[in-house]
Amino acid sequence: MATPADKEAVAAAAAADVSSDISTPELLDHSLPPSVTTTTPPSPSAPLPATDAHLPVDAPVLPLGAGVHPEDQAEHLEATPDHIVDAELEKVHAAHREHHGLEPQGTVFEGIEDDKLWALMRRFNTHTTHILSPPTKLPEGEPDFRRSDLPNLDFDHDVLMSNLERLYATAGVSGIYATREMMRLMSWSPEERNRTACFCAGYFISAYFSMAIPFIISILILLTVSPKSRTILFPPVKPPPGVPPSATDPTNRKGDESALVGVGHPVVHRSKAEQIEEQAWEFSSGLQSLGIRIVMGGHKGHKGNSRVGKKEGESSSDEEDSSSEDEVQAAGVDVMPKHEEDGKPLTPKQRRKLQAKEAKKKRDEMVARIAKGGQDALGDIADGCEIVHHMLSPPAVYPHYHARELFASAVLVPILLATAIVPAHWWAQGASFAFGFAFFGQPLIIRGTRKFMELVPNWQDLMNPRNSLLSRVPTNAQVAVYVLRSSEAAYEPLPPPPHAPTAKDLKEEMSKEGIPDGDEAIKDAEAAEEEENPDNTADQSVSGKVQKKGAKKLLGGLRLAAKKAATFRGDVTVENTRAKVGNKIDRTFYQSRAKDDNTLSSFPAKHNGTSGHLIINHRPGAVSTLSFVPLRHPNRETFNAPIASLVELRKEGVFIAPNVNLEGMGLSMRFKDHVERMMDTIGEGEDPHTEDHEGDMWSFSHVARRDQLFNRLIAIGGQKWETL
């Protein structure tokens with residue numbers, strides 16, 4: 001830990017001139033420095049600000065955060081708390097280990113660097129909101145936490161945005177990096193000239209012998225099987241002094257390329273993992289601002305299997321017809337719209353209204369199905385990208401597997417042999433025959449496909465690469481669950497991850513961009529209405545103006561209330577009187593009366609309006625249980641259930657915004673005893689989607705540190721889960 005004397009010495013040396021032609025100092029080991037004074041040079045392992053990178057000592061230099069001036073970093077270093085300086089030093093050491101190909105370490109969990117661990121857990125907390133046990137379909141020996149294939153699930157905006165972030169964090173960032181790596185190879189710059197010449201010579205020599213494609217595939221096989229070859233063929237470039245390693249620039253000259261330049265503290269900088277996290281969030285937020293009215297669609301509330309309760313499979317056609325008829329009647333739409341209940345015929349106007357309602361209902365159902373299908377497809381693509389990334393670079397913290405060797409031998413090597421042996425004109429003839437058969441052989445293709453699906457009903461599972469070539473390769477969520485389970489098995493639960501290094505006010509400003517609320521929303525609505533009806537504005541009656549003004553005030557009040565609920569415990573900065581009023585509202589309406597002592601086993605919450613604590617009892621030699629102890633009767637538990645009997649868990653939204661999941665809000669859970677779990681058929685039999693017993697359901701609101709409680713519950717019991 002950096003001592004105050006170290007910081008004082010470093011801050012005193014910040015006034016020195018910056019020399020631009022001094023080479024980057026090499027990083028040393030992790031040993032802590034002895035005390036230094038202002039008259040002696042800094043110790044070799046004392047942290048240096050970017051302004052002191054020119055000093056003739058070998059010491060880790062703290063990179064500059066995006067938008068931070070070097071003098072500001074040097075001035076604030078002395079007053080910075082030790083834990084912040086230590087965290088930044090650990091990022092520097094982690095970057096040094098990655099640059100030199102050393103094994104990842106970490107101070108929190110062995111085998112994974114701290115910044116990657118926290119970014120992984122933050123993404124897991126955002127993505128995972130609803131889980132079910134046991135999984136309805138999980139091949140034996142494969143990791144759990146796959147997406148559920150239960151029918152009748154609602155579209156979830158939060159899951160959609162999380163899938164967008166995951167997709168950009170893998171395919172987007174990797175695509176940008178690979179493209180710039182190719183541009184670096186094509187540049188023929190002085191530092192790349194020899195390497196480019198070698199690639200050029202190899203390509204044209206192989207092309208002379210008609211082996212250009214096998215040459216490229218051979219390089220792909222080498223890069224797939226041997227991670228060390230990647231640093232030889234594409235050597236990493238060390239960033240200049242004071243510049244953080246870039247997640248998207250192979251030359252490491254551009255540093256942090258996130259759009260939000262603020263990092264919240266002058267001494268803090270973003271590591272590669274944090275840059276990817278920030279840029280993925282910015283990408284999804286930009287799309288949300290662009291099409292906010294589209295992506296915020298979907299059903300309101302939780303219907304069908306999306307609610308916490310007994311699960312059901314697909315209904316028969318008769319049941320669907322009767323249920324849809326009941327829904328239409330409940331909505332006030334007559335299934336026989338030609339006559340009213342008393343037998344009187346409907347007027348043309350009434351008939352048009354009923355037809356419009358039915359058309360709107362069908363349209364909403366179609367939009368919901370399309371949105372849910374897009375959400376699932378995006379999630380599957382994001383899962384595939386994460387699996388391919390972990391196939392090529394297995395996480396050191398996860399159990400070892402041989403997927404990349406299997407992929408190279410089963411896919412790339414046959415392609416290499418085929419392209420090297422089969423003449424080129426055979427490929428042209430085969431492609432022309434395939435095109436003709438696909439164009440003229442449609443009846444045979446349809447008949448053969450139907451016969452194949454009858455003979456092999458589980459063809460989707462057999463052809464899924466996750467069950468064959470990519471078997472046991474995890475997604476990011478599965479890696480996070482493994483880390484959580486390993487921590488709980490050692491009775492050392494993970495602490496909650498710190499906030500991402502982004503200035504809170506900047507992130508909040510970008511979050512609300514494109515979403516007008518309060519007075520701005522009312523003014524925008526008035527301006528739009530005046531543009532549509534410029535001549536009718538002056539002819540409105542007084543009563544019409546009063547009604548419109550009252551409706552606008554109600555709309556603005558509801559939007560402000562929803563904003564207040566949606567920003568509870570969010571990244572919002574207010575000052576003076578507004579801060580005091582906001583804190584009082586939070587304590588009155590949105591928080592439990594129970595005091596939060598920030599322990600790993602006690603979580604303040606409310607149950608049916610009663611404040612208390614959710615207590616996790618997890619210790620060696622005892623059955624792990626979850627109980628709720630009210631404040632009024634601390635010696636009497638409202639409920640006490642084994643965590644192993646937990647079968648469903650969902651993060652709930654606030655009453656005014658049911659589709660918004662917020663930290664500190666609701667948490668619903670469902671328990672089944674051993675007998676009910678044995679008698680249920682979910683995940684087994686001909687109908688693996690239907691449950692015979694519902695179990696006991698408990699709902700809690702105002703849950704403090706909800707993500708931490710959620711993670712502990714899914715990691716302790718030993719159940720296998722699937723995500724909904």
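Reply: First, a definition. Buried means under 20% relative accessible area, exposed means over 50%, and partly exposed is in between, with a 1.4 Å probe and protein chains only. This is a predicted model: local features need pLDDT of at least 70, side-chain atom pairs count only at pLDDT 80 or more, and totals for chains, interfaces and linings use all residues. Residues are numbered from 1 along each chain as its sequence is written, and side-chain values use heavy atoms, with hydrogens and water left out.

Me: Is Trp 188 buried, partly exposed or exposed?

Reply: Trp 188 sits in the loop between helix 5 and helix 6 (193-208). Helices (H or I, at least four residues) and strands (E, at least two) are DSSP runs, numbered from the N terminus. Its phi is positive, about 55 degrees, although Trp 188 is not a glycine. With a relative accessible area of 40%, Trp 188 is partly exposed.

Me: What is the relative accessible area of Asn 152?

Reply: Asn 152 also has a positive phi in a residue other than glycine, near 60 degrees. Its place is in the loop between strand 2 and helix 5 (157-186). Asn 152 is exposed, and its relative accessible area is 52%.

Me: Which residues does a cis peptide bond join?

Reply: Look in the loop between strand 1 (130-132) and strand 2 (146-147), where Pro 134 lies. Omega is about -5 degrees for the cis bond that joins Ser 133 and Pro 134.

Me: How many helices and strands does the chain have?

Reply: The chain has 724 residues, and buried ones make up 41% of them. Contact means heavy atoms within 4.5 Å. Among contacts between residues at least 6 apart in sequence, 68% join residues at least 24 apart. The secondary structure comes to 23 helices and ten strands.

Me: How are helix 14 and helix 15 oriented, roughly parallel or roughly perpendicular?

Reply: The axes of helix 14 (residues 424-440) and helix 15 (residues 442-455) come within 5 Å and cross at roughly 80 degrees. Axes are lines fitted to C-alpha atoms, for helices over the stretch in contact, and angles run from 0 to 180 degrees between N-to-C directions. Angles under 35 degrees count as roughly parallel, over 145 as roughly antiparallel, 65 to 115 as roughly perpendicular and the rest as oblique. So helix 14 and helix 15 are roughly perpendicular.

Me: How do the residues of the contact of helix 14 with helix 15 divide?

Reply: Helix 14 brings Phe 437, Ala 438 and Phe 440, and helix 15 brings Gln 442, Pro 443 and Ile 445. Ala, Val, Leu, Ile, Met, Phe, Trp, Tyr, Cys and Pro count as nonpolar, Asp, Glu, Lys and Arg as charged, and the others, Gly among them, as polar. The contact therefore divides into five nonpolar, one polar and no charged.

Me: Which residues of the largest nonpolar core touch the most other members?

Reply: A nonpolar core is a set of buried Ala, Val, Leu, Ile, Met, Phe, Trp, Tyr and Cys residues joined through side-chain atoms within 4.5 Å. The largest one has 47 residues. Leu 649 touches residues including Ile 131, Leu 667, Phe 710 and Ile 714. The members that touch the most others are Phe 124, Leu 614, Leu 626, Leu 649, Met 669 and Leu 713.

Me: What kind of aromatic pair do Phe 639 and Phe 700 form?

Reply: Rings of Phe, Tyr and Trp (its six-membered ring) pair if their centres lie within 6.5 Å; planes under 30 degrees apart count as stacked, over 60 as edge-to-face and the rest as tilted. Phe 639 is in strand 6 (residues 639-642) and Phe 700 in strand 9 (residues 696-700), 61 residues apart. Both are buried. At 5.8 Å centre to centre and 35 degrees between the planes, the pair is tilted.

Me: Which residues form one aromatic cluster?

Reply: The structure holds 14 aromatic pairs. One of them, Tyr 398 with Tyr 401, is edge-to-face, at 6.4 Å and 70 degrees. The cluster is formed by Phe 628, Phe 639, Phe 671, Trp 698 and Phe 700.

Me: How far apart are the C-alpha atoms of Pro 630 and Ser 611?

Reply: Pro 630 is found in strand 5 (residues 625-630). Its relative accessible area is 7%, so Pro 630 is buried. Pro 630 touches Ser 611, among others. They are 19 residues apart along the chain, and their C-alpha atoms are separated by 5.8 Å.

Notes:
Lists of a residue's contacts leave out its neighbours within four places in sequence.
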